[in-house]
Amino acid sequence: MELFYLYFSLCLAALLAGIVNALAGGGTLLTFPALRSALLPDHGALADSFANGTSTIALGPASLSSAWAYRREIAKVKNWLALLIVPSLLGGGVGSWLAAEYKKEFRVLVPWLILLAALLFTLQPFITRWLAKGNKAADDALPSRGAQIAVVFAQLLIGIYGGYFGAGIGILMLSTLGLMGMKNIHEMNALKTILAGSINGMAIVVFLWKGLFEPKLALAMMAASILGGYLGARYARQVKQQYIRWFVIAVGFSLAVYYFYQQFFSYQVEGNIAPAP
């Protein structure tokens with residue numbers, strides 16, 4: 001019964017995470033803490049690394065089901081996809097390698113990055129109007145060459161962060177795309193889904209190579225997240241854009257609060273945990 005409860009709770013977290021990632025990003029907020037709690041007794045100080053790897057592997061394939069549901073929107077943003085796919089793949093590979101080699105150092109930046117992303121997304125409509133007065137370009141039109149270089153560099157950094165610790169990469173991408181002039185939240189979500197899938201795909205390869213995952217948990221959660229990813233993307237178009245925007249903002253600030261708490265309070269308790277052999 002205890003084993004059933006463990007798998008049920010983790011699969012439920014993965015199902016909800018797949019839905020959340022399809023809508024806005026931030027599903028790792030659900031799976032990472034659940035996995036960390038489950039893996040802490042067996043893995044001790046390495047529980048964070050194994051939870052991170054298992055969560056990434058479990059949630060990664062959900063991008064495929066979301067992409068299929070978003071296929072109409074993806075066709076409208078193919079120019080953006082061609083521009084940003086390479087830095088996503090490169091960043092995902094670099095970030096996941098850093099996660100495998102340096103397991104704690106980068107995490108100090110996590111709450112600050114997510115808080116910045118949530119603030120940017122909150123202010124995005126105002127910033128976009130200020131930066132692009134009189135710009136009537138469609139969402140699939142690329143910005144100026146200088147802006148393209150900036151967004152490619154930003155996507156590379158997001159990819160590195162996402163490969164290392166993926167919580168909030170959807171919000172970071174939505175913020176960046178909004179600042180570049182994209183307005184349709186569904187098309188932004190479609191593009192974000194493919195790019196996040198690319199980042200996570202590279203991370204999955206690295207985590208599998210390094211063995212930083214629990215196979216049985218990853219497979220069970222993967223099935224649940226794929227279903228959640230499809231459901232989230234399938235029904236997202238039926239929700240008004242402003243509701244999704246406020247949902248994204250709520251997820252972003254919730255993520256920031258959670259990881260600030262982890263950084264400044266929970267680590268004091270973790271210091272009493274004996275290192276894994």
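1. Let's start with the pocket. Fourteen residues line the largest pocket, and the ones nearest its centre are Ala154, Leu157, Ile158, Leu172 and Thr176. Its volume comes out at about 320 Å³. By pocket I mean, on a 1 Å grid over the protein atoms alone, an open set of points with protein on both sides within 12 Å along at least five of seven lines; lining residues have an atom within 4 Å of a point. Grid points are joined across faces, edges and corners, and a volume is the space filled by probe spheres set on the points.

2. A quick word on what you're looking at. This is a predicted model, where local features need pLDDT of at least 70 and side-chain atom pairs count only at pLDDT 80 or more, while totals for chains, interfaces and linings use all residues. Residues are numbered from 1 along each chain as its sequence is written, and side-chain values use heavy atoms, with hydrogens and water left out.

3. On the overall fold: the protein chain has 12 helices and zero strands. Helices (H or I, at least four residues) and strands (E, at least two) are DSSP runs, numbered from the N terminus. Of the 277 residues in the chain, 50% count as buried. Buried means under 20% relative accessible area, exposed over 50%, and partly exposed in between (1.4 Å probe, protein chains only).

4. The structure has three cavities of 30 Å³ or more, a cavity being a set of grid points where a 1.4 Å probe fits but cannot get out. The largest cavity has a volume of about 290 Å³. It has 23 lining residues, with Asn21, Leu59, Ile169, Ala196 and Asn200 nearest its centre. Helix H1 (2–23), helix H3 (47–59), helix H4 (62–69), helix H9 (169–179) and helix H10 (185–210) are the elements giving two or more residues to that lining. By class, the largest cavity's lining has 17 polar, five nonpolar and one charged residues.

5. H4 deserves a glance of its own. Six of its eight residues are buried, so H4 is largely enclosed by the rest of the structure. The buried ones are Ala62, Ser63, Ser65, Ser66, Ala67 and Ala69.

6. How many salt bridges turn up in the whole structure? The search finds two, counting a side-chain nitrogen of Lys or Arg within 4 Å of a carboxyl oxygen of Asp or Glu. In one, Asp48 pairs with Arg36, with the closest N and O atoms 2.7 Å apart. Asp48 sits in helix H3 and Arg36 in helix H2 (residues 28–43), so the pair ties together parts 12 residues apart in sequence. Asp48 is buried, at 14% relative accessible area, and Arg36 is also buried, at 14%.

7. In the other bridge, the side chains of Lys210 and Glu101 meet at 2.8 Å, N to O. This pair links distant parts of the chain, Lys210 being in helix H10 and Glu101 in helix H6 (residues 78–101), 109 residues apart. Lys210 is partly exposed at 32%, and Glu101 is partly exposed at 37%.

8. Phe4, Phe8, Leu12, Leu16 and Leu30 make a nonpolar surface patch of about 470 Å². Patches are made of residues with over 30% relative accessible area and no salt bridge; like charges are joined within 9 Å, and nonpolar side chains (Val, Leu, Ile, Met, Phe, Trp, Tyr) within 5 Å. Accessible areas come from the Shrake-Rupley method with a 1.4 Å probe, and for residues only the protein chains shown count as cover. H1 supplies the largest share of the patch, four residues. Phe4, which lies in H1, is exposed, with a relative accessible area of 56%.

9. Last, two contacts across the sequence. Asn189, in helix H10, is buried at 0% relative accessibility; its C-alpha is 7.1 Å from that of Ala22, 167 residues away along the chain. Gln263 is in helix H12 (residues 241–270) and is buried at 14%.

How values were computed. Nonpolar A, V, L, I, M, F, W, Y, C, P; charged D, E, K, R; others polar.
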